[in-house]
Amino acid sequence: MTAEFAAIVPAVLLVLAFGLGAIEVVVQQARLTDAAADGARSLARGDGEGVARSNIAGAVGQSMVSVSRSGDFVCVSLTQKAAGPAALTGLTVQSRVCALGDDASEEKGTGR
């Protein structure tokens with residue numbers, strides 16, 4: 001009985017570690033989505049990119065930020081390396097959120 005228990009414990013711990021790592025990646029994805037939404041709304045209101053990038057960095061730390069505009073929409077894409085045990089796999093977590101703004105705020109921000 002003891003030998004079987006000693007063989008099963010490492011397998012159970014490994015499965016538990018993978019489960020907790022998956023949960024951590026899901027939480028990281030939710031944080032990136034919230035930060036991208038905040039950044040997109042900020043830019044749609046007419047705030048500068050510096051303000052949006054500062055707010056994003058404060059929420060999720062270091063991440064790659066990409067901003068694109070299409071008509072009335074302002075989109076923010078965030079990419080970050082996975083945290084925790086998933087970092088060993090080389091996974092990246094991404095999020096893209098768009099917010100509806102107006103062309104007037106874009107023109108005001110670019111000085112047209």
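Here is a friendly chat about a disulfide and a helix in this predicted model.

Me: What makes C75 and C98 a disulfide?
Reply: Two cysteine sulfur atoms count as a disulfide when they lie within 2.5 Å. The sulfur atoms of C75 and C98 are 2.0 Å apart, so the pair meets that cut-off. A search of the whole structure finds 1 disulfide.

Me: Where in the chain do C75 and C98 sit?
Reply: C75 belongs to strand β2 (residues 73-81) and C98 to strand β3 (residues 92-100), 23 residues apart, and the pair links distant parts of the chain.

Me: Why is C75 called buried, but C98 partly exposed?
Reply: Buried means under 20% relative accessible area, and C75 has 5%, so C75 is buried. C98 has 39%, which falls between 20% and 50%, so C98 is partly exposed.

Me: How do you know that the span of helix α2 agrees with what it should be?
Reply: Helix α2 (residues 49-60) has 12 residues, and at 1.5 Å a residue it should span 16 Å. The end C-alpha atoms of α2 are 16 Å apart, so the two values agree.

Me: What makes the buried residues of α2 line one face?
Reply: The buried residues of α2 are A52, I56 and V60. Seen down the axis of α2, they fall within an arc of 40 degrees, so they line one face of the helix. An α-helix has 3.6 residues a turn, so residues three or four places apart point the same way. On the other side of α2, G50 and G58 are exposed.

Me: What do the buried residues of α2 pack against?
Reply: They pack against α1 (2-44), β1 (64-70) and β2.

Notes
Residues numbered from 1 in each chain as written. Predicted model: local features only at pLDDT ≥ 70, side-chain atom pairs only at ≥ 80, totals over all residues. Heavy atoms only, no water. Helix = DSSP H or I, 4+ residues; strand = E, 2+ residues; numbered from the N terminus. Buried < 20%, exposed > 50% of the residue type's maximum accessible area, 1.4 Å probe, protein only. Expected span 1.5 Å × (residues − 1). Arc of directions from axis to C-beta. Contact = heavy atoms within 4.5 Å.
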